[in-house]
Amino acid sequence: MRRSLIMGNWKMNGSREEGQKLAQALADGLGNVEQEVAVCVPFVYLSDIRTVLASSPIALGAQNVADQAAGAYTGEVSAAMLADVGCKYALVGHSERRSYYGDTNESVAKRFAQALSKGVVPVLCVGETLEEREQDKTFQVVDEQLDAVIAEAGIEAFEKAVIAYEPVWAIGTGKVATDEQAQEVHQYIRKRIADRNAAIAEKVQILYGGSVKPDNAKGLFAQPDIDGGLVGGASLDAKGFLQICHSV
Ligand code: PEP
């Protein structure tokens, strides 16, 4: 049985005080749950939020990680630094990074490997644009995104990684994939992993992301190959996010 994981992505939102209040509300309201909960917060607030979550089971994540280990890479944050401030997770290849900041499959694969090398669990985001879906290229795009990482890090790397399927057309748009559309791609991704290593495919958590809200989370999370969610906008509201956390 795979443990479910619900992960909030705060993106570039909120002040330090707002983040601390949000984290405190989550810590106070979560209660005893089987599933794991994590929040990916802006780099500059990681330490503050770690302090708030210190006695809570909620894990800390970053929204990106450098593709190099250390050195003259102005503005970048290394995997070692993330580990140092208590990050369990780091998103890699979020579609906003791919489309606005030029992250390529190759640089995402390097970020993934960097995170792993320092014991930070990479959360590899994959997914197609609307145009790619309309051209029936969903599986091809997902294959290319996965294959680049497998080529760099090896299939065994997925023993210590998470995958998030996030159709780009559903991120921040309010257009959620239907339960069946999401399940179809999740099943496909698991099969791609299984073709190389069945035991790892059985264990790897695959999250769905794209306009997850309190009113659609249950249906999505009930799908056999969906192991939780990566939640953007709705993770900024403590009540709504907690409801999503309890929808597993
Ligand atoms: C995300 O940022 O990963 C995301 C899925 O955003 P939203 O939930 O707002 O669509």
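**Confidence first**

A: The protein chain has a mean pLDDT of 97, with 100% of its residues at 70 or more; pLDDT is the predictor's confidence in each residue, from 0 to 100. This is a predicted model, in which local features need pLDDT of at least 70 and side-chain atom pairs count only at pLDDT 80 or more, while totals for chains, interfaces and linings use all residues. Residues are numbered from 1 along each chain as its sequence is written.

Q: And what ipTM and pTM does the predictor give the complex?

A: Both ipTM and pTM come out at 0.97.

Q: OK, ligand. How many residues surround it?

A: There are 14, and the closest are Ile171, Gly172, Gly209, Gly232 and Gly233. A residue counts as near if its C-beta atom, placed from the backbone, lies within 6 Å of the molecule.

Q: How does that shell divide into nonpolar, polar and charged?

A: Five nonpolar, seven polar and two charged. Here Ala, Val, Leu, Ile, Met, Phe, Trp, Tyr, Cys and Pro are nonpolar, Asp, Glu, Lys and Arg are charged, and the others, Gly among them, are polar.

Q: Switching topic: which residues carry the "active site" annotation?

A: The unreviewed UniProt entry puts it on His94 and Glu166. UniProt positions are in the numbering used here, feature names are shortened, and annotations may be inferred rather than shown by experiment.

Q: Is His94 buried or exposed?

A: Buried, because it has 27 C-beta neighbours inside 10 Å. The cut-offs, with C-beta atoms placed from the backbone, are 20 or more others within 10 Å for buried, 12 or fewer for exposed, and partly exposed in between.

Q: What about Glu166, buried or exposed?

A: Glu166 is buried too, with 29 other C-beta atoms within 10 Å.

Q: What does Glu166 touch?

A: Leaving out residues up to four places away in sequence, Glu166 touches Ser95, Cys125, Gly127, Ile171, Gly209, Gly210 and Leu230. On the same terms, His94 touches Gln63 and Cys125. Contact means C-beta atoms, placed from the backbone, within 7 Å.

Q: Last one, H5. Which of its residues are buried?

A: Val108, Ala109, Lys110, Arg111, Phe112, Gln114, Ala115 and Leu116. Helices (H or I, at least four residues) and strands (E, at least two) are DSSP runs, numbered from the N terminus.

Q: And what do those buried residues pack against?

A: Helix H3 (79-84), strand E4 (89-92), strand E5 (121-126) and helix H7 (138-153).

Notes: Two residues are in contact if their C-beta atoms, placed from the backbone, lie within 7 Å.
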